[in-house]
Amino acid sequence: MEKMTRCPTHPGVVFRVTILEEHGISITKAAKALGLSRTTMSNFCNGHTPCTPEIAQRIALSIESNVAVWINLQANYDAWFAENREKPHVEKLLTTAA
């Protein structure tokens with residue numbers, strides 16, 4: 001698999017830009033509609049907290065989307081950071097035969 005060269009967009013930012021901003025919906029209104037606190041919604045929409053399965057489910061139900069879409073956006077975001085941070089020292093468990 002080819003390594004991504006740029007960090008994927010946080011799913012909260014995707015939600016804010018493509019759903020809220022494009023449809024003129026405030027974070028406060030979205031929080032109320034999704035049954036979340038305004039603080040939780042704001043932190044999510046500004047990329048400060050992850051898209052949990054609960055948030056993914058609430059978004060999917062509110063916009064007739066798929067839960068997996070939002071979970072996969074978060075997984076891609078997390079994977080990029082895991083691939084691009086300093087590597088810890090580990091011992092090999094498996095070796096390849098020559």
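**Helix packing in a predicted model**

Trainee: Against which helices do the buried residues of helix 4 pack?
Mentor: The model is predicted, and helix 4 spans residues 53-63. The buried residues of this helix pack against helix 1, helix 2, helix 3 and helix 5.

Trainee: Which residues of helix 4 are buried, and on how wide an arc do they lie?
Mentor: Ile 55, Ala 56, Ile 59 and Ala 60 are the buried residues of helix 4. They share one side of helix 4, because the arc they cover around the axis is only 130 degrees.

Trainee: Which exposed residues does the face of helix 4 turned away from its buried side carry?
Mentor: An α-helix has 3.6 residues a turn, so residues three or four places apart point the same way. In helix 4, the face turned away from the buried side carries two exposed residues, Pro 53 and Leu 61.

Trainee: What is the phi of the residue that follows helix 4?
Mentor: Helix 4 is followed by Glu 64, which sits in the loop between helix 4 and helix 5. With a relative accessibility of 76%, Glu 64 counts as exposed. Glu 64 is a residue other than glycine, yet its phi is positive, near 55 degrees.

Trainee: Which residues of helix 2 are buried?
Mentor: Helix 2 covers residues 27-34, and its buried residues pack against helix 1, helix 3 and helix 4. These buried residues are Ile 27, Ala 30, Ala 31 and Leu 34.

Trainee: How wide is the arc that the buried residues of helix 2 cover around the axis?
Mentor: Ile 27, Ala 30, Ala 31 and Leu 34 are buried in helix 2. They lie on the same side of helix 2, because they cover an arc of only 100 degrees.

Trainee: Which exposed residues are on the face of helix 2 turned away from its buried side?
Mentor: Helix 2 has a buried side, with Ala 30 among its residues. The face turned away from that side carries the exposed residues Lys 29, Lys 32 and Ala 33.

Trainee: Which residue, with a positive phi, follows helix 2?
Mentor: The phi in question is near 75 degrees. The residue that follows helix 2 is Gly 35.

Trainee: Within what arc do the buried residues of helix 1 fall?
Mentor: Pro 11, Gly 12, Phe 15, Ile 19 and Leu 20 are the buried residues of helix 1. Viewed down the axis, they line one face of helix 1, because they fall within an arc of 105 degrees.

Trainee: At roughly what angle do the axes of helix 1 and helix 3 cross?
Mentor: Two packed helices are described by the angle between their axes and the distance between the axes. Helix 1 (residues 11-21) and helix 3 (residues 38-45) have axes that come within 6 Å and cross at roughly 100 degrees.

Trainee: How are helix 1 and helix 3 placed relative to each other, parallel or perpendicular?
Mentor: Their axes cross at roughly 100 degrees, and angles of 65 to 115 degrees count as roughly perpendicular. Helix 1 is therefore, relative to helix 3, roughly perpendicular.

Trainee: How do the residues in the contact of helix 1 with helix 3 divide by class?
Mentor: Helix 1 brings Pro 11, Gly 12, Val 13, Phe 15, Arg 16 and Leu 20, which meet Met 41, Phe 44 and Cys 45 in helix 3. They divide into seven nonpolar, one polar and one charged.

Trainee: Which residues of helix 1 and helix 5 make their contact?
Mentor: The two axes come within 9 Å and cross at roughly 130 degrees, and the helices are therefore oblique to each other. The contact has six nonpolar, one polar and no charged residues. Pro 11, Val 14 and Phe 15 of helix 1 make it with Trp 70, Leu 73, Gln 74 and Tyr 77 of helix 5.

Trainee: Is Trp 70 buried or exposed, and what is its relative accessible area?
Mentor: Trp 70 lies in helix 5. Beyond four places in sequence, its contacts include Pro 11, Phe 15, Ala 56 and Ile 59. Trp 70 is buried, because buried means under 20% and its relative accessible area is 5%.

Trainee: Which backbone nitrogen does the side chain of His 10 reach?
Mentor: His 10 is located in the segment before helix 1 and is buried, with a relative accessible area of 6%. Among the residues it touches are Phe 44, Gln 74 and Tyr 77. At 2.8 Å, the side chain of His 10 reaches the backbone nitrogen of Gly 12.

How values were computed. Residues are numbered from 1 along each chain as its sequence is written. This is a predicted model: local features need pLDDT of at least 70, side-chain atom pairs count only at pLDDT 80 or more; totals for chains, interfaces and linings use all residues. Side-chain values use heavy atoms; hydrogens and water are left out. Axes are lines fitted to C-alpha atoms, for helices over the stretch in contact, and angles run from 0 to 180 degrees between N-to-C directions. Helices (H or I, at least four residues) and strands (E, at least two) are DSSP runs, numbered from the N terminus. Angles under 35 degrees count as roughly parallel, over 145 as roughly antiparallel, 65 to 115 as roughly perpendicular and the rest as oblique. Contact means heavy atoms within 4.5 Å. Ala, Val, Leu, Ile, Met, Phe, Trp, Tyr, Cys and Pro count as nonpolar, Asp, Glu, Lys and Arg as charged, and the others, Gly among them, as polar. Buried means under 20% relative accessible area, exposed over 50%, partly exposed in between (1.4 Å probe, protein chains only). A polar contact is a pair of N or O atoms within 3.5 Å; within protein, one must be able to donate a hydrogen and the other to accept it, and residues adjacent in sequence count only if both atoms are side-chain atoms. The arc is that of the directions from the helix axis to the C-beta atoms.
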